[in-house]
Amino acid sequence: SAVAQGAEVLVIPEIGCGVFLNDPRLIGGCLGQVLRKWQGYLVEVIVPCMKESFIDACRRALEDKDPREEKPAGSSGGPRFRSAGGSESVEAGLLALAMNPEESKQPACRYGVHCRQIRNAGHCARYSHPE
């Protein structure tokens, strides 16, 4: 690990959230939980990322809160998820995200996971690739 090697600064992108189509909230939450475990060992952590949901989930898990997003105040239906606080809720939130992924808002590629263009970021931005 970076800590074992004596690193003081860690740079880590939103790995797995692009062409692999992983939920940025799940991956960000996992990163936040790992960073919380090693808090105090690193002077600086840089996350060069354009996905707000990844950054928010990472920050919430690092603060020992449920990494799932909440609906803005005043929106219909109230909060989508509630944070109970504590590491048990962080783990429960991550497990809930992994077990119940949201449906993609993109149209499905007719070739699915066998698509030849699955590594093309532009193609993956336009189409989902269900199994």
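**Walking through the model**

Analyst: Let's start with helix α2: its buried residues are Ser53, Phe54, Ile55, Ala57, Cys58, Arg60 and Ala61. Keep in mind that this is a predicted model.

User: Ok, and what comes after α2?
Analyst: α2 is followed by Asp64, which has a positive phi, near 65°.

User: Which residues of α1 and α2 make the contact between them?
Analyst: First the geometry: the axes of α1 (residues 24-37) and α2 (residues 52-62) come within 7 Å and cross at roughly 35°. On the α1 side the contact is made by Pro24, Arg25, Ile27, Gly28, Gly29, Leu31, Gly32, Gln33, Leu35 and Arg36, and on the α2 side by Ser53, Phe54, Ala57, Cys58, Ala61 and Leu62.

User: And what classes of residue are in that contact of α1 with α2?
Analyst: Nine are nonpolar, five are polar and two are charged.

User: Is the crossing of α1 and α2 left-handed or right-handed?
Analyst: Right-handed.

User: Let's zoom out. How many helices and strands does the protein chain have?
Analyst: Four helices and two strands. Going along the sequence, the pattern is β-α-β-α-α-α.

User: How much of the chain counts as buried?
Analyst: The chain has 131 residues, and 29% of them count as buried.

User: What about contacts between residues 24 or more positions apart?
Analyst: Taking the chain's contacts with a separation of 6 or more, 55% are between residues 24 or more positions apart.

User: Switching topic: how many aromatic pairs does the structure hold?
Analyst: One. It's Trp38 with Tyr41, and the ring centres are 5.5 Å apart with the planes at 70°, so the pair is edge-to-face.

User: Why does 70° make it edge-to-face?
Analyst: Because planes over 60 degrees apart count as edge-to-face, and these are at 70°.

User: Is Tyr41 buried or exposed?
Analyst: Tyr41 is exposed, with a relative accessible area of 52%.

User: Last thing, what's the mean pLDDT of the chain?
Analyst: The mean is 76, and 75% of the residues reach 70 or more.

User: Where is the pLDDT below 50?
Analyst: Over residues 71-87. That stretch has 20 contacts in the model beyond near neighbours in sequence.

User: How should I read the coordinates where pLDDT is low?
Analyst: Not in detail: that's the rule for predicted coordinates wherever pLDDT is low.

Notes: Residues numbered from 1 in each chain as written. Predicted model: local features only at pLDDT ≥ 70, side-chain atom pairs only at ≥ 80, totals over all residues. Heavy atoms only, no water. Phe/Tyr/Trp six-rings, centres within 6.5 Å; stacked < 30°, edge-to-face > 60°. Buried < 20%, exposed > 50% of the residue type's maximum accessible area, 1.4 Å probe, protein only. Axes fitted to C-alpha atoms, helices over the stretch in contact; angles between N-to-C directions. Left-handed = near helix turned anticlockwise from the far one by under 90°. Contact = heavy atoms within 4.5 Å. Nonpolar A, V, L, I, M, F, W, Y, C, P; charged D, E, K, R; others polar. pLDDT = per-residue confidence, 0-100.
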